[in-house]
Amino acid sequence: MSSSHKPNNRHRVVILGAGFAGVRAALDLSRQSHGELDIVLVTDRDAHLDLTLLYEVATAYVRHESDISSEQIQSTVQLPLQSIFSGLEVDIVVQKVVRIDTAGQLLILADDTTIDYDTLVVAVGSSLATFDLPGVGVNTFSIKTLADALRLRHHIVRQFWQADSLAGQARKSALTFVVAGGGASGVEVAAELIGQIRRQCKRHKIDPHEITVIILEAGPRILATVTKEAAQRAHQRLTNIGVDIRLGARITEVTATEVRMQGGDYIYSRTTIWTAGLRPNPVLVDSGLPLDHWGVTVSPTLQVPTMPNIFMAGDAAVITDSEPPVPATVPVAYAQGALVAKNIRHQRRGESLEEFSYSPPGMVITLGSKVALALLPNGRYLFGLLPWLLKHFITLRYWLRLTTWGQALRLWYRSWHIHGAND
Ligand SMILES: Cc1cc2nc3c(=O)[nH]c(=O)nc-3n(C[C@H](O)[C@H](O)[C@H](O)COP(=O)(O)OP(=O)(O)OC[C@H]3O[C@@H](n4cnc5c(N)ncnc54)[C@H](O)[C@@H]3O)c2cc1C
């Protein structure tokens, strides 16, 4: 095993993960440390991915499918790390981390090398929980990574090609799409799927009435974390565009062709999209860090208790006893990335550290075509085209924070063009 030791005696901060939290922490530290720190960003991908747009990847409709369709679609949701950190003193290491050795202050990488740290920022996000339900791990699709979203897209497109030669039960199960979970991700992917399906039906001359999109939600309503009124508005919208929402539906097993539910009900479907629940990223599980919900327990200063040189940010940080509970969302990840950068500087100067304080910033949930629901910080909501435009504006503003005007506008235009093709 070879190792990367510090080439100089500068304090080394290693940031693990280049999602919303990791990129923000690395940007702030590098812009403000004036060369005092040796900053290393370790991540398993050479690009920063906007996870919130993966439902667009999974449901993207391309008029002329070709070998480069996937490449074109991918390019609408990610930015190369080299362009984000161009001109900044950040060493980027693209490798999967397989273990965090907190005793040795080391990261162990998939290529068997190690990187040592003085301060570690862990921002590895979260993984999907399958609740050990039979078949869920192997027979469902998800939209948690770019590879997942592209795999789902290929599968959906294939169902339409194959349906041409199928009849009876087999055809029904090819044309039935089940979304497990009625949270924001489940709602967005179900709504966008309707747009993709309409176009695929036209292309394959299939009667749209043959298609079924079902949301299975175990709870009494979809969008459990938003107000009842806003959730009802979203429910009504989904029903109007043809999504069949089944509440109180508990999945017990998923096979390659069926979804089975408590009470003996079942649905014939070759496509179950799993969006229900989060668990910690596997790299955290063997690290000896204190796990909680979908991450690691941290103090309000985002440090791991008893390990003051390890900070957590984003989905991987779970603040104990926080009221209201801090959700796993982009605004939280982004704000925590910034706070961790600040606290590392405070710690270096011997100053007291700042605590993370959370007030819900609002959220936009797209509901198919050019319609969205904006949940405002005051608890009210907006519905229709305006929130949909707001979502595009928020995305553009985010890209502008990371890169040049030219690159951000090109990326935004590409995503507007490709994601809009099924609206
Ligand atoms: C489909 C979907 C839709 C969503 N929609 C919204 C939304 O509309 N609004 C909202 O606020 N939130 C949304 N979320 C949640 C939001 O995406 C997350 O809260 C956010 O991405 C968390 O940011 P993060 O930086 O903690 O982790 P991530 O963005 O997940 O980044 C984790 C980083 O760690 C890297 N990494 C992971 N494991 C390793 C390893 N072993 N070695 C090296 N690198 C590793 C990854 O490659 C990545 O760079 C959505 C999530 C999904 C999946």
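This note walks through the ligand site, the domains and a handful of residues in the structure above.

1. **Ground rules.** The model is predicted, so local features are taken only at pLDDT of at least 70 and side-chain atom pairs only at pLDDT 80 or more, while totals for chains, interfaces and linings use all residues. Residues are numbered from 1 along each chain as its sequence is written, and side-chain values use heavy atoms, with hydrogens and water left out.

2. **Domains.** The chain splits into domain 1 (3-44 + 95-128 + 278-348), domain 2 (136-274) and domain 3 (363-422). Those bounds come from an automatic or database domain assignment. The C-alpha centres of domain 1 and domain 3 are 28 Å apart.

3. **Where the ligand sits.** Which domains give residues to the shell around the ligand? Both domain 1 and domain 2 do, so the ligand lies between them. There are 30 residues around the ligand, and Ala 21, Asp 44, Val 97, Asp 315 and Val 330 come nearest. To count as near, a residue needs one of its heavy atoms within 4 Å of the molecule or strand in question.

4. **What the shell is made of.** By class, the shell has 14 nonpolar, ten polar and six charged residues. Here Ala, Val, Leu, Ile, Met, Phe, Trp, Tyr, Cys and Pro count as nonpolar, Asp, Glu, Lys and Arg as charged, and the others, Gly among them, as polar. Helix H1 (20-32) and helix H11 (330-348) each supply at least two shell residues, and H11 gives the largest share, three residues. Helices (H or I, at least four residues) and strands (E, at least two) are DSSP runs, numbered from the N terminus.

5. On the backbone side, a polar atom of Ala 18 is 3.0 Å from a ligand oxygen, and a backbone N or O atom of Gly 19 is 3.4 Å from a ligand oxygen. Asp 315 uses its side chain instead, with an N or O atom 2.7 Å from an oxygen of the ligand. Taken alone the ligand exposes 1000 Å², and the protein buries 89% of that. Accessible areas come from the Shrake-Rupley method with a 1.4 Å probe; for residues, only the protein chains shown count as cover.

6. **Ser 30, in helix H1.** Buried or exposed, this Ser 30? Ser 30 lies in H1 and counts as buried because its relative accessibility is 11%. (Buried means under 20% relative accessible area, exposed over 50%, partly exposed in between, with a 1.4 Å probe and protein chains only.) A polar atom of the Ser 30 side chain lies 2.9 Å from the backbone oxygen of Ala 26. Leaving aside neighbours within four places in sequence, Ser 30 is in contact (heavy atoms within 4.5 Å) with Ile 39, Leu 88, Glu 89 and Val 90.

7. **Arg 237.** This one lies in helix H9 (residues 228-240), and at 14% relative accessibility Arg 237 counts as buried. Its side chain reaches the backbone oxygen of Leu 367 at 2.9 Å. Beyond neighbours within four places in sequence, Arg 237 is in contact with residues including Gly 368, Val 371 and Phe 383. The C-alpha atoms of Arg 237 and Gly 368 are separated by 9.0 Å, though the two are 131 residues apart along the chain.

8. **His 204 and Lys 205.** His 204 is in helix H8 (residues 184-204), while Lys 205 is in the loop between H8 and strand E13 (212-217). His 204 counts as buried at 9% relative accessibility, whereas Lys 205 counts as exposed at 74%. Setting aside neighbours within four places in sequence, His 204 is in contact with Phe 160, Trp 161 and Asp 164.

9. **Two phi angles worth a look.** Most residues other than glycine have a negative phi. Lys 205, not a glycine, has a positive phi of about 50°, and Leu 302, not a glycine either, has a positive phi of about 75°. Leu 302 is in the loop between strand E21 (295-298) and strand E22 (303-304), and counts as buried at 0% relative accessibility.

Technical notes: Polar contact = N/O pair within 3.5 Å; in protein donor to acceptor, adjacent residues only side chain to side chain.
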